[in-house]
Amino acid sequence: MTSKVDDRGYYVLEKNTIVRLVFERLLACELSDFNHQNVLFGLEIEEQEVEGQRAFCITIDSSYGLSGSLACRRVVVADVRPADADGCPAGLADADSARQ
């Protein structure tokens, strides 16, 4: 999000990106309210000590749907892709419409 505002009064978004995270070797998991549309307000990852060992504690703050927390030994950034303004992988919509 930038500090720019468009003609409708909305903040201008730039560099939309889809990031796929993999949480490995789960130690704890408490998730709730998963549904058809899970909009995150925030995702926080903190390194902490759990049961005497290094772990990552993840907090999922909900705007709508999924919320909760989990702890794991490893967090992997599995994929990073540019996205369009609708959150779809960039170029995917064009490729699908070109096939039809």
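**Salt bridges and cysteines**

User: Is D6 buried, exposed or partly exposed?
Analyst: The relative accessibility of D6 is 25%. Buried means under 20% relative accessible area and exposed means over 50%, with partly exposed in between (1.4 Å probe, protein chains only). So D6 counts as partly exposed.

User: What kind of model is this, and how are residues numbered?
Analyst: This is a predicted model, where local features need pLDDT of at least 70 and side-chain atom pairs count only at pLDDT 80 or more, while totals for chains, interfaces and linings use all residues. Side-chain values use heavy atoms, leaving out hydrogens and water, and residues in each chain are numbered along the written sequence from 1.

User: How many salt bridges does the structure hold?
Analyst: One of them joins E14 and K4, whose closest N and O atoms are 3.0 Å apart. E14 is partly exposed at 39% relative accessibility, and K4 is partly exposed at 47%. For the structure, the number of salt bridges is 5.

User: Which residue pairs with R74 in a salt bridge?
Analyst: The closest N and O atoms in this pair are 3.0 Å apart. R74 sits in strand β4 (residues 67-82), and the partner sits in strand β1, 50 residues apart in the chain; strands are DSSP runs of E, at least two residues, numbered from the N terminus. R74 counts as partly exposed at 47% relative accessibility, and the partner, partly exposed at 28%, is E24.

User: How many disulfides are there?
Analyst: A disulfide takes a pair of cysteine sulfur atoms within 2.5 Å. C29 is in none, since the nearest cysteine sulfur, that of C72, is 9.9 Å away. C29 counts as partly exposed, at 45% relative accessibility. The count of disulfides comes to 0.

User: Which cysteine has the sulfur closest to that of C57?
Analyst: C57 is buried, with a relative accessible area of 15%. Its closest cysteine sulfur is 8.2 Å away, which is too far for a bond. That sulfur belongs to C72.

Conventions:
Salt bridge = Lys/Arg side-chain N within 4 Å of Asp/Glu carboxyl O. Helix = DSSP H or I, 4+ residues; strand = E, 2+ residues; numbered from the N terminus.
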